[in-house]
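Reader: Could you take me through this structure, setting each value against the definition behind the label?

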Amino acid sequence: MAQISGKVIAILPVVSGESERGEWYRGGMVIETIETPSVKLALSTFGKRRIEQIDQLTLGEIVVVRYSVESREYMGRWYTEAIITNILTTAKHSASNQPSN
């Protein structure tokens, strides 16, 4: 498991569907690290509870996210994804408080 902190720059749309195991929901967010150079990371999650937690976040909010990296094979190709395991909110951070470069 890894951990990253940064500013929420996008909240991804929720996608839902039906499988043999029942209804599923997938959502996520993109955060940008505060260090220089900054890094953007798209993180995803499954399940209503964590998606509701993401929906409570605001753009520009600083968060600490614990995540795991998982890979899976589909039709001979490999896909890697960062899956959110925990979200900790720290402080609101507006663009007006950011230093300009």
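**Labels and their cut-offs**

Author: Leaving aside neighbours within four places in sequence, Glu-18 is in contact with Glu-23 and Trp-24, where contact means heavy atoms within 4.5 Å. This is a predicted model, in which local features need pLDDT of at least 70 and side-chain atom pairs count only at pLDDT 80 or more, while totals for chains, interfaces and linings use all residues. Residues are numbered from 1 along each chain as its sequence is written, and side-chain values use heavy atoms, with hydrogens and water left out.

Reader: Why is Glu-18 called exposed?

Author: Its relative accessible area is 61%, and exposed means over 50%, buried under 20% and partly exposed in between (1.4 Å probe, protein chains only); Glu-18 is therefore exposed. The residue lies in strand β1, residues 2–19.

Reader: What are the helices and strands of the protein chain, and in which order do they run?

Author: The chain has 1 helix and 5 strands, and from the N terminus on the order is β-β-β-α-β-β. Helices (H or I, at least four residues) and strands (E, at least two) are DSSP runs, numbered from the N terminus. Buried residues make up 33% of the 101 residues, and of the contacts with a separation of 6 or more, 54% are between residues 24 or more positions apart.

Reader: What makes the pair Glu-81 and Arg-26 a salt bridge?

Author: A salt bridge is a side-chain nitrogen of Lys or Arg within 4 Å of a carboxyl oxygen of Asp or Glu, and the N to O distance for these two side chains is 2.3 Å, so the pair qualifies. Glu-81 lies in strand β5 (residues 77–91) and Arg-26 in strand β2 (residues 22–32), so the pair ties together parts that are 55 residues apart in sequence. Glu-81 counts as buried at 16% relative accessibility, whereas Arg-26, at 31%, counts as partly exposed. A search of the whole structure finds 1 salt bridge.

Reader: How do you know that Arg-50 has no salt bridge?

Author: The nearest side chain of opposite charge, Glu-70, is 11 Å away, and the salt-bridge definition therefore leaves Arg-50 without a partner; in this scheme Lys and Arg count as positive and Asp and Glu as negative, with His and the chain ends not counted. Arg-50, which is buried, lies in helix α1, residues 48–55. Its side chain does reach the backbone oxygen of Thr-85 at 2.9 Å. Beyond four places in sequence, Arg-50 touches Thr-45, Ile-84, Thr-85, Asn-86 and Ile-87.

Reader: Why is Thr-33 counted as buried, and which backbone nitrogen lies 2.8 Å from a polar atom of its side chain?

Author: At 6% relative accessibility, Thr-33 falls in the buried class, and the backbone nitrogen in question is that of Val-39. Thr-33 lies in the loop between β2 and β3, and its contacts beyond four places in sequence are Ile-4, Ser-5, Gly-6, Ser-38 and Val-39.

Reader: What makes Val-15, Trp-24 and Phe-46 a nonpolar patch?

Author: Patches are made of residues with over 30% relative accessible area and no salt bridge, like charges being joined within 9 Å and nonpolar side chains (Val, Leu, Ile, Met, Phe, Trp, Tyr) within 5 Å. Phe-46, in strand β3 (residues 40–46), is partly exposed at 45%, so this residue passes the area cut-off. Together the three have about 280 Å² of accessible area, computed by the Shrake-Rupley method with a 1.4 Å probe, only the protein chains shown counting as cover for residues.

Conventions. A polar contact is a pair of N or O atoms within 3.5 Å; within protein, one must be able to donate a hydrogen and the other to accept it, and residues adjacent in sequence count only if both atoms are side-chain atoms.
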